[in-house]
Structures are given as structure tokens and as C-alpha cells.
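Here's a quick briefing to read with the model open beside you. Take a look first, then we'll go through it topic by topic.

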Amino acid sequence: MTETNQFLSEVISMSICYLNGTYVPLREACLPVTDLAIQRGIGVFDSLRTYGRRPFALTPHLERFFASAEQVHMTPPLSMDELRRIIREGISRMDGDSEVLVRPYLTGGDENRNGTFPSPRLFVLFEPVRRFDDRCYQDGVALLPLPQPRPHPSVKTIDYLAPSVAKGGRAEFFEALYCPDGEITEAASSSVFLAIEGVLVTAPLSRVLSSITRQVVLTLARESGFSVEERTPRLEELRIAQECFLASSMKEVMPVIRIGNILVGNGRPGPATRRLHHLFLQNVERWLD
């Protein structure tokens, strides 16, 4: 067994799943092969983590989860309050004191009734948080431009085929970056910010997923005196950008130093990125539920 496989096996052994009204070890959780998540890739999910075993922005994440379900014509089999209770209990059931990654899923179930899904399946994964390598923050990461839009950007779907195929095993790229018609919208699982001539620029919500961490970063940036523009930057603006970073629940604020073969700024993480990551960590308590 490789070191990576050994690590994944250990994570799985420490994880649990809420499915069919009960909590079970992740290794024992399974879906029928008739589920449309398997047969057609139909499903939505969300992802959040804990700090000090308290969930980060739980209510906004649940609101987004339910909004995603509504947009794809699925109705979760329980209320938001019930799912909130399930998540809190699942966190408490995790062994040890490590932080917890929580991912609720809603699949298409077994029936597609003219584009609606009357019997979706819900399950929730609880796993130990796996930290990214410190070098991602110290040295920055590279993104692979993908010349297409993210499908259904207002919905957090389980469909990650396009960015996965685009990477094609190229380990030098941390994540794919959606760049339809030369516009920079968002990465495969992160919001994207550029610092251009002293202004933070990020795509508007009309073009991207409503990222919870994106909103937190925007709030902190404005409170701290950063100038902010919510518009869709273009690839040619990378030549004049001083910095770029990703924002997401798991990455927090992560520097990007290259997009394709174009270096951003001087090719090193910049002061705005470091400042915003510091502010995020300083203020995370404000968004704990």
C-alpha cells in the first residue's frame, strides 16, 4: 500500500456517515447502483468545516444546500433544523479532538420524473479535516485555465468531471480555473480573487457559486479598508495583477502564483493575500455556530 493509500485508509477508518436515519462507519455506508448520482451524476452537496469543533457558518451553508436542491427540483426529506441537529450530533460522535469536515449530500434517488426527482437520498459525511501542505501557503500554487464556464454556477453539484479531466494527472496544477471567453470566474472548488493596482477584484454572484468564504473575505476586506470590485476579470489582466488567491472553506485564503504559464506578480505570495488570511483566522470566531 502506498503512503497516500495508507493515509486515505486511515481517514476513512476515522470517518462516519449519517444515512437512512442512523450514523454508521463510513466503510459500511453504501448507495444502490440504481441511484441517479451513480448512473447520471445527479446530486448536490455542500461542504463546511469546524474550528474548535464548532461548525463554520453552518446556517449559510445549509441555506445554500437547500437552495441548490430547489434549483435542481429536489426536496430534501427533512427540514433545515433537522439537518442542523444531525450535523451537530455527527460532529460530537467523531472520535478524538481533530477538526471535522462535514459534507451533506442529496442524490437524485432512483427516479427521474421529467426532470424532477421525487425520492432523493440524503446522507452526510463526517471526516477529519486534512490540512493542505504548508508549502501551498508559503510558496503559492498554480492553476490550470479551463476555457469553459462552470456548469450551473449557482448550484453546488457533484459534477466535477470537466476540471478533473482537464488536469489529466498534471500534478503541477493545484486546481482548474474556469475562464470562459477569456474571463476569470472561479476555480473548480474555490472562489478566485485578483489584486490589480491596489483593488481586489472577484467575479460577481451572477457568474459564480455563492461561496460562503468569498463573502467572509469580502466582508473582512471592506472592513479593513481594501478597495473591492465585484466584476469578472479577464486573463489579459494577469499581466498587471500583483496577486491572486483562492478562497474556500478548506483552503481559507491560499495564494496563487501562476495561472497556466503566466506568473502572477513576482511569482511569490503577496502582502494582501497574507493580510487577508491573517484577518480570516483572527475573525473566524465571528462565523462559528
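Which residues does Val 33 touch, not counting residues up to four places away in sequence? They are Ile 38 and Gln 39, where contact means heavy atoms within 4.5 Å. Keep in mind that this is a predicted model, where local features need pLDDT of at least 70, side-chain atom pairs count only at pLDDT 80 or more, and totals for chains, interfaces and linings use all residues. Residues are numbered from 1 along each chain as its sequence is written, and side-chain values use heavy atoms, with hydrogens and water left out.

**Around Val 33**
- Val 33 sits in the loop between β2 (22-25) and α2 (36-39); helices (H or I, at least four residues) and strands (E, at least two) are DSSP runs, numbered from the N terminus.
- With 65% relative accessibility, Val 33 counts as exposed (exposed is over 50% relative accessible area, buried under 20%, partly exposed in between, using a 1.4 Å probe and protein chains only).
- From Val 33 to Leu 125 it's 92 residues in sequence and 19 Å in space, C-alpha to C-alpha.

**The α3/α4 pair**
- Helix α3 (residues 58-71) packs on helix α4 (residues 80-93) at about 125°, and their axes are 11 Å apart; axes are lines fitted to C-alpha atoms, for helices over the stretch in contact, and angles run from 0 to 180 degrees between N-to-C directions.
- That makes α3 and α4 oblique to each other (under 35 degrees is roughly parallel, over 145 roughly antiparallel, 65 to 115 roughly perpendicular, and the rest oblique).
- On the α3 side, the residues that meet α4 include Leu 62, Phe 65 and Phe 66; among their α4 partners are Leu 83 and Ile 87.

**Nonpolar cores**
- The largest nonpolar core has 27 residues, and Leu 83, Ile 87, Val 102, Leu 122, Val 124 and Phe 126 have the most contacts inside it; such a core is a set of buried Ala, Val, Leu, Ile, Met, Phe, Trp, Tyr and Cys residues joined through side-chain atoms within 4.5 Å.
- α3 gives the most to this core, with 5 residues.
- Apart from this core lies another, of 22 residues, including Cys 136 and Leu 246.
- Leu 83 touches Leu 62, Phe 65, Phe 66, Leu 78, Pro 104, Leu 122 and Val 124, leaving out residues up to four places away in sequence.

**Positive phi**
- Asp 181 isn't a glycine, yet has a positive phi of about 55°; this residue is in the loop between β9 (175-178) and β10 (191-196).
- Glu 197, also not a glycine, has a positive phi of about 50° and lies in the loop between β10 and β11 (199-202).
- Asp 181 is exposed at 69% relative accessible area, and Glu 197 is exposed at 60%.
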